[in-house]
Amino acid sequence: RTMSIITTARPTSRESLDRLVRCSSQDAGTARWWTCLSHSLDDLHLELMSGDVEGLAAQVIEDAPELGAAATRLPTLDARARAELTELRALVAQHYGVPALVAEIRAATEALLRRVRTLYRLSDDLLLDAYERDFGGE
């Protein structure tokens, strides 16, 4: 039995997360920080919207049911990350330049970074496990 997994490559995923980390830690509250944060959140939004996490999960469940528990977590994590990102983008747009909200926005950014890293780590691990099982003939 051969399993083929089709995914959308994330060539910039690590880069956009790295940019977001740099924004979060550099010059907090300055115009440069607000701009960096806004652009990085927009890039991450495009990235998350271009992924097909539900398709990946469905294909893994079909082709490697023993990985189903991990695969069913993906769409939930993806939905949470997208919702947090949408809320954070709205918060940044609405309160752009407001010094009193810098700490709250930085905390929300850090939480989003953790969520997206978890999502990417789980999807990468799932792909690797599925590939190893397919390649190993399990």
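Which helix is Thr86 found in? Thr86 is found in helix α4, and the views below start from there.

This is a predicted model, in which local features need pLDDT of at least 70, side-chain atom pairs count only at pLDDT 80 or more, and totals for chains, interfaces and linings use all residues. Residues are numbered from 1 along each chain as its sequence is written, and side-chain values use heavy atoms, with hydrogens and water left out.

**View 1. The protein chain as a whole has five helices and zero strands.** Along the sequence, the pattern reads α-α-α-α-α. Helices (H or I, at least four residues) and strands (E, at least two) are DSSP runs, numbered from the N terminus. Of the 138 residues, 34% count as buried, where buried means under 20% relative accessible area, exposed over 50% and partly exposed in between (1.4 Å probe, protein chains only). Take contacts between residues at least 6 apart in sequence: 79% of these join residues at least 24 apart. A contact here means heavy atoms within 4.5 Å.

**View 2. Confidence along the protein chain averages a pLDDT of 84.** The pLDDT is the predictor's confidence in each residue, from 0 to 100, and 84% of the residues score at least 70. Among the elements, helix α4 has the highest mean pLDDT (95), while helix α1 (residues 13-25) has the lowest (74). Over residues 1-12 the pLDDT is below 50, and this stretch has 25 contacts in the model beyond near neighbours in sequence. Where pLDDT is low, the predicted coordinates should not be read in detail.

**View 3. Helix α2 (residues 31-50) meets helix α4 (residues 68-94).** Their axes come within 10 Å and cross at roughly 150 degrees. Axes are lines fitted to C-alpha atoms, for helices over the stretch in contact, and angles run from 0 to 180 degrees between N-to-C directions. The two helices are therefore roughly antiparallel to each other (angles under 35 degrees count as roughly parallel, over 145 as roughly antiparallel, 65 to 115 as roughly perpendicular and the rest as oblique). On the α2 side, the residues in contact include Trp34, Leu37, Leu41 and Leu48; on the α4 side, they include Asp78, Ala81, Leu85 and Val92. By class, the residues of this contact divide into ten nonpolar, two polar and four charged. Ala, Val, Leu, Ile, Met, Phe, Trp, Tyr, Cys and Pro count as nonpolar, Asp, Glu, Lys and Arg as charged, and the others, Gly among them, as polar.

**View 4. Helix α3 (residues 53-63) packs with α4 at an angle of about 170 degrees.** The axes of α3 and α4 are 9 Å apart, and the two helices are therefore roughly antiparallel to each other. Val53, Leu56 and Ile61 are among the α3 residues that make the contact, and Ala71, Leu74 and Asp78 are among those of α4. This contact has eight nonpolar, two polar and two charged residues.

**View 5. Asp78 lies in helix α4.** Asp78 is buried, with a relative accessible area of 8%. Leaving aside residues up to four places away in sequence, Asp78 touches Leu48, Val53 and Leu119.

**View 6. Thr86 of helix α4 and Ala111 of helix α5 (residues 102-136).** Thr86 is partly exposed, with a relative accessible area of 44%. The C-alpha atoms of Thr86 and Leu41 are separated by 9.0 Å, although these residues are 45 residues apart along the chain. Ala111 also counts as partly exposed, at 28% relative accessibility. The C-alpha atoms of Ala111 and Ala81, 30 residues apart along the chain, are separated by 9.4 Å.
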